[in-house]
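Trainee: I am new to this structure. Please show it to me, and then I will ask how its terms are applied.

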Amino acid sequence: DFFRSVELFGKAAEQGHADAQFHLGICFKKGEGVVKDPARAAVLFEKAAAQGHADAQFQLGLCYHTGEGVPRNLVLAAQLYRDAAERGHVEAQAHFCLVAIEVVAVEGLCGSFVSPCGSDVMIWISGCSC
């Protein structure tokens, strides 16, 4: 039952539990048990991400990459993807590659990123792995 989950996640999230903040953020992102609210989801992802929650870092990266709930910011998206990738989040590694390519192509910021492995982003663009 989504409504009960939201209630329980909300209580735990208020006490600073990163997992609860992340899962409540997913509820707000998808509109499950609550009215869909991408901005509220981003706030919750940010709280969990600040505690090192890799899934929240990835989701917040998606928010900044797409501009869902927050102003679009490719550089911040790349940083969040990198942070999540450094914690072993495989999907974040792939998204880091995508946003890095986009930033290099669109923003002309070549050489602005360091991959989770400490190597040049251009290595990631060519191989998208460490």
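Trainee: What is the handedness of the crossing of α3 and α4?

Mentor: The crossing of α3 and α4 is left-handed. A crossing gets that name if the near helix is turned anticlockwise from the far one by less than a right angle, and right-handed if clockwise. Before we go on: this is a predicted model, where local features need pLDDT of at least 70 and side-chain atom pairs count only at pLDDT 80 or more, while totals for chains, interfaces and linings use all residues. Residues are numbered from 1 along each chain as its sequence is written, and side-chain values use heavy atoms, with hydrogens and water left out.

Trainee: Why are α3 and α4 called oblique to each other?

Mentor: Helix α3 (residues 38-49) and helix α4 (residues 54-66) pack at an angle of about 140°, with axes 8 Å apart. Angles under 35 degrees count as roughly parallel, over 145 as roughly antiparallel, 65 to 115 as roughly perpendicular and the rest as oblique. α3 and α4 are therefore oblique.

Trainee: Which residues of α3 and α4 make the contact?

Mentor: Contact means heavy atoms within 4.5 Å. On α3 these are Ala 42, Phe 45, Glu 46, Ala 48 and Ala 49, and on α4 they are Ala 56, Gln 57, Gln 59, Leu 60 and Cys 63. By class, the contact has 7 nonpolar, 2 polar and 1 charged residues. Here Ala, Val, Leu, Ile, Met, Phe, Trp, Tyr, Cys and Pro count as nonpolar, Asp, Glu, Lys and Arg as charged, and the others, Gly among them, as polar.

Trainee: What makes α4 roughly antiparallel to α5?

Mentor: α4 and helix α5 (residues 74-86) pack at an angle of about 160°, their axes 8 Å apart. That angle makes α4 roughly antiparallel to α5. The crossing of α4 and α5 is left-handed.

Trainee: Which residues have the most contacts inside the largest nonpolar core?

Mentor: They are Phe 45, Leu 60, Tyr 81 and Val 99, in a core of 36 residues. A nonpolar core is a set of buried Ala, Val, Leu, Ile, Met, Phe, Trp, Tyr and Cys residues joined through side-chain atoms within 4.5 Å. Elements giving two or more residues to this core are α1 (2-14), α2 (18-30), α3, α4, α5 and α6 (90-107).

Trainee: Does Val 90 count as buried or exposed, and why?

Mentor: Buried means under 20% relative accessible area, exposed over 50%, and partly exposed in between (1.4 Å probe, protein chains only). Val 90 has 61% relative accessibility, so Val 90 counts as exposed. Val 90 lies in helix α6.

Terms used:
Axes are lines fitted to C-alpha atoms, for helices over the stretch in contact, and angles run from 0 to 180 degrees between N-to-C directions. Helices (H or I, at least four residues) and strands (E, at least two) are DSSP runs, numbered from the N terminus.
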